[in-house]
Amino acid sequence: MPATFFILNGPNLNRLGKREPETYGRTTLADIEAQARATAARLGYDIVFRQTNSEGTLVDWIHEAADTGAVGIIINPAAYTHTSVAIHDAIRAVALPTVEVHLSNVHAREAFRHHSYVSPVAAGVICGFGAKGYDLAIEALAHKLGA
């Protein structure tokens, strides 16, 4: 059975393809999931892919990743990036290698988006490459794990 990555997505990402396409593109979250599954499979990994608009659910899923033996987490915390000490603490608590990913370049946007509570506990951050960022995150996490 292949090792598993949890790919977790935060609020409003279920609206991809419809929400602000000039910023986030026209790719849907389902498109990203299909692409991520193909990339992970090519590298010999399985994925659990989820989205929620709830901060507490993201925290529960981070815990679940550790409790079920996942080997890493890729997270797009969306707006919770800039507000959630709880997500920071959950990632720190599970001690799994984590890659933070964002579709847009958060550093080229509003000033409040320049700070991340997730980055200090992430192995790395990928932003600004649209949906391709998920593939890059999978490849980076696989590389970090020695694949």
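Biologist: Where does UniProt place the feature "binding site"?

Modeller: The unreviewed UniProt entry puts "binding site" at Asn76, His82, Asp89, Leu103, Ser104 and Arg113. UniProt positions are in the numbering used here, feature names are shortened, and annotations may be inferred rather than shown by experiment.

Biologist: What should I know about the model itself?

Modeller: It is a predicted model: local features need pLDDT of at least 70, side-chain atom pairs count only at pLDDT 80 or more, and totals for chains, interfaces and linings use all residues. Residues are numbered from 1 along each chain as its sequence is written, and side-chain values use heavy atoms, with hydrogens and water left out.

Biologist: Start with Asn76. Where is its place?

Modeller: Asn76 is in strand 3. Helices (H or I, at least four residues) and strands (E, at least two) are DSSP runs, numbered from the N terminus.

Biologist: Is Asn76 buried or exposed?

Modeller: Asn76 counts as buried because its relative accessibility is 3%. Buried means under 20% relative accessible area, exposed over 50%, partly exposed in between (1.4 Å probe, protein chains only).

Biologist: What does Asn76 touch?

Modeller: Leaving out residues up to four places away in sequence, Asn76 touches Leu8, Asn9, Gly10, Leu13, Val101, His102, Leu103 and Tyr134. Contact means heavy atoms within 4.5 Å.

Biologist: Which backbone nitrogen does the Asn76 side chain reach?

Modeller: That of Ala78, at 3.0 Å. This is a polar contact: a pair of N or O atoms within 3.5 Å; within protein, one must be able to donate a hydrogen and the other to accept it, and residues adjacent in sequence count only if both atoms are side-chain atoms.

Biologist: What is the phi of Ala78 near?

Modeller: Near 50°, a positive value in a residue other than glycine. Most residues other than glycine have a negative phi. Ala78 sits in the loop between strand 3 (72-76) and helix 4 (85-94). With 15% relative accessibility, Ala78 counts as buried.

Biologist: And Asn12, what is its phi near?

Modeller: Asn12 has a positive phi too, near 75°. Its loop runs between strand 1 (3-9) and helix 1 (21-24). Asn12 is partly exposed, because its relative accessible area is 36%.

Biologist: Which side chain makes a polar contact with the His102 side chain?

Modeller: The side chain of Glu100, at 2.7 Å. Beyond four places in sequence, the contacts of His102 include Asn76, Pro77, Ala78 and Thr81. Ile126, Cys127, Gly128 and Phe129 are also among them.

Biologist: Glu100 again: which residues does Ser116 touch?

Modeller: Thr81 and Glu100, not counting residues up to four places away in sequence. Ser116 is in the loop between strand 4 and strand 5, and counts as buried at 12% relative accessibility. Its side chain reaches the backbone nitrogen of Val118 at 3.0 Å. A polar atom of that Ser116 side chain also lies 2.9 Å from the backbone nitrogen of Ser119.

Biologist: Why does Val118 count as buried?

Modeller: Because its relative accessible area is 0%. Val118 is in the loop between strand 4 (98-102) and strand 5 (124-127). Not counting residues up to four places away in sequence, Val118 touches Ile75, Pro77, Thr81, Ile87, Ile91 and Glu100.

Biologist: Where is the place of Ile87?

Modeller: In helix 4. At 0% relative accessibility, Ile87 counts as buried. Its C-alpha atom and that of Val59, 28 residues apart along the chain, are separated by 5.7 Å.

Biologist: Last topic, helix packing. At what angle do helix 3 and helix 4 pack?

Modeller: Helix 3 (residues 55-67) packs on helix 4 at about 5°, with the axes 9 Å apart. Axes are lines fitted to C-alpha atoms, for helices over the stretch in contact, and angles run from 0 to 180 degrees between N-to-C directions. The two helices are therefore roughly parallel (angles under 35 degrees).

Biologist: Which residues meet there?

Modeller: From helix 3, Glu55, Leu58, Val59, Ile62, His63 and Ala66; from helix 4, Ala86, Ile87, Ala90, Ile91 and Val94. They divide into nine nonpolar, one polar and one charged. Ala, Val, Leu, Ile, Met, Phe, Trp, Tyr, Cys and Pro count as nonpolar, Asp, Glu, Lys and Arg as charged, and the others, Gly among them, as polar.

Note on methods
Angles under 35 degrees count as roughly parallel, over 145 as roughly antiparallel, 65 to 115 as roughly perpendicular and the rest as oblique.
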